[in-house]
Amino acid sequence: MDDHERTRSAWEEASQKHVREHEDLLDEARVARLTGVERDVLAPVLTSGPRVLHPQSGHGVDDAALVHAGAASVLGLDYSPTAVRAAQLRADALRLPCRYEVAELPPLPVPTASVDLVYTGKGALGWVRDLPAWAREVRRVLRPGGHLFVLEAHPLVPLWTWEPDEARVRPDRSYFAREHTNDSFPALGAVETQRTLAEVVMGVVGAGLHLVHLVEHPEPFWRPGGVEAAAWDGRLPNAFTLLARVPTPAAEGLPI
Ligand SMILES: C[S@@+](CC[C@H](N)C(=O)[O-])C[C@H]1O[C@@H](n2cnc3c(N)ncnc32)[C@H](O)[C@@H]1O
């Protein structure tokens with residue numbers, strides 16, 4: 001089994017959790033709300049009732065939050081058939097306008113300029129091996145004026161230890177490494193791609209999107225239960241949010 005197959009099978013295995021915890025996730029989805037940082041950035045975009053594409057949609061609870069915040073519809077894509085089935089079951093039970101499809105990305109299997117908002121992150125980008133190709137696909141599927149939103153682990157996160165007394169840099173990790181083997185979640189052995197924050201930004205900008213917002217946050221988007229790491233005490237970056245927009249012909253000075 002190569003790294004790619006090992007990672008994909010780790011996700012298929014990890015996605016069984018969405019089935020085991022169906023009832024809890026259903027309760028979560030029923031009342032799901034975007035997090036504070038998501039609301040701050042996305043509120044103006046969600047007022048127009050966007051058609052949302054959610055690559056790497058996982059358990060889909062975020063999609064319920066997007067609908068509750070104003071999204072007209074959400075199409076979730078994930079390469080785990082288990083995750084897709086579980087998310088669809090919950091969306092149908094709650095009569096949410098969310099549809100899920102099995103897809104390995106990039107590419108994104110949707111028509112050009114058909115989406116108002118691409119929403120992704122929370123443990124997604126580390127599994128995308130070709131970020132420039134991914135960004136070009138995001139750019140292709142968004143309509144002019146459409147947005148890309150990402151809330152993701154800060155690229156420094158793989159370097160922090162989870163010790164409670166003091167945050168330390170792991171001796172086996174480098175900010176500039178190309179990948180590392182994930183040893184916490186989803187499964188031992190999954191190979192996570194690394195890139196610097198500059199590489200993320202340049203990938204997005206290089207695809208022709210305009211950067212609207214980029215903020216680094218001390219709070220991680222996810223805290224594993226039972227862990228109280230000093231790295232989360234507010235002094236280090238643990239997440240970032242990014243909003244980018246496809247230019248409209250008018251903004252480019254072209255005929256509309
Ligand atoms: C940490 S989860 C994040 C998903 C979502 N944000 C959530 O909170 O559930 C990452 C998801 O990406 C999916 N995934 C990883 N690589 C992928 C790829 N190349 N194409 C499609 N899905 C992928 C996995 O199956 C998994 O469901």
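Two strands pair if DSSP finds at least two bridges between them. Okay, hi everyone, let's get going.

Some ground rules. This is a predicted model, where local features need pLDDT of at least 70, side-chain atom pairs count only at pLDDT 80 or more, and totals for chains, interfaces and linings use all residues. Residues are numbered from 1 along each chain as its sequence is written.

Let's start with the sheet. Strand S1, residues 51-55, and strand S2, residues 73-78, pair in the parallel sense over five bridges. Which residue of S2 is the bridge partner of Pro-55? That's Leu-77. As background, strands of a sheet pair through backbone hydrogen bonds, either parallel or antiparallel.

Now zoom out. The open sheet has seven strands in the order S3-S2-S1-S4-S5-S9-S8, and the pairing is mixed. At the edges sit strand S3 (98-102) and strand S8 (210-217), each of which pairs on one side only. On average, neighbouring strands here are turned by 15° against each other, direction ignored. For angles, axes are lines fitted to C-alpha atoms, for helices over the stretch in contact, and the values run from 0 to 180 degrees between N-to-C directions.

Next, the helices on that sheet. I'll say "contact" a lot: it means that the C-beta atoms of two residues, placed from the backbone, lie within 7 Å. Helix H4, residues 36-46, lies across strand S4 (115-121), strand S5 (142-153), S8 and strand S9 (239-245), and runs at about 175° to S5. Helix H8, residues 197-206, also packs on the sheet. H8 touches S5, S8 and S9, and its direction makes about 160° with that of S8.

On to what's inside. A residue is buried if 20 or more other C-beta atoms, placed from the backbone, lie within 10 Å of its own, exposed if 12 or fewer, and partly exposed in between. Helix H5, residues 61-68, is mostly covered, with six of its eight residues buried. Those are Asp-62, Asp-63, Ala-64, Ala-65, Leu-66 and Val-67. What do the buried residues of H5 pack against? The list is helix H3 (22-30), S1, S2, helix H6 (81-93), S3 and S4. After H5 comes Gly-70, with a positive phi near 130°.

Then there's the core. A nonpolar core is a set of buried Ala, Val, Leu, Ile, Met, Phe, Trp, Tyr and Cys residues joined through C-beta atoms within 7 Å. The largest one here has 55 residues, and Val-118, Val-138, Leu-148, Phe-149 and Val-204 have the most contacts inside it. S5 gives the most to this core, six residues. Take Leu-148: leaving aside neighbours within four places in sequence, Leu-148 is in contact with Val-118, Val-138, Leu-142, Val-204, Leu-209 and Ala-244. In soluble globular proteins, nonpolar side chains tend to be buried together.

Is Pro-109 buried or partly exposed? Partly exposed, because Pro-109 has 14 C-beta neighbours inside 10 Å. Ala-113 is in the loop as well; Ala-113 isn't a glycine, but its phi is positive, about 55°.

Arg-95 is another non-glycine with a positive phi, about 55°, and you'll find Arg-95 in the loop between H6 and S3. Arg-95 counts as exposed because there are 7 C-beta neighbours inside 10 Å.

Last stop, the ligand. Near means that a residue's C-beta atom, placed from the backbone, lies within 6 Å. Of the 17 residues around the ligand, Trp-11, Gln-56, Gly-58, Gly-123 and Trp-127 come nearest. By class, the shell has six nonpolar, seven polar and four charged residues. For those classes, Ala, Val, Leu, Ile, Met, Phe, Trp, Tyr, Cys and Pro count as nonpolar, Asp, Glu, Lys and Arg as charged, and the others, Gly among them, as polar. That's it from me, thanks!

Definitions and conventions. Helix = DSSP H or I, 4+ residues; strand = E, 2+ residues; numbered from the N terminus.
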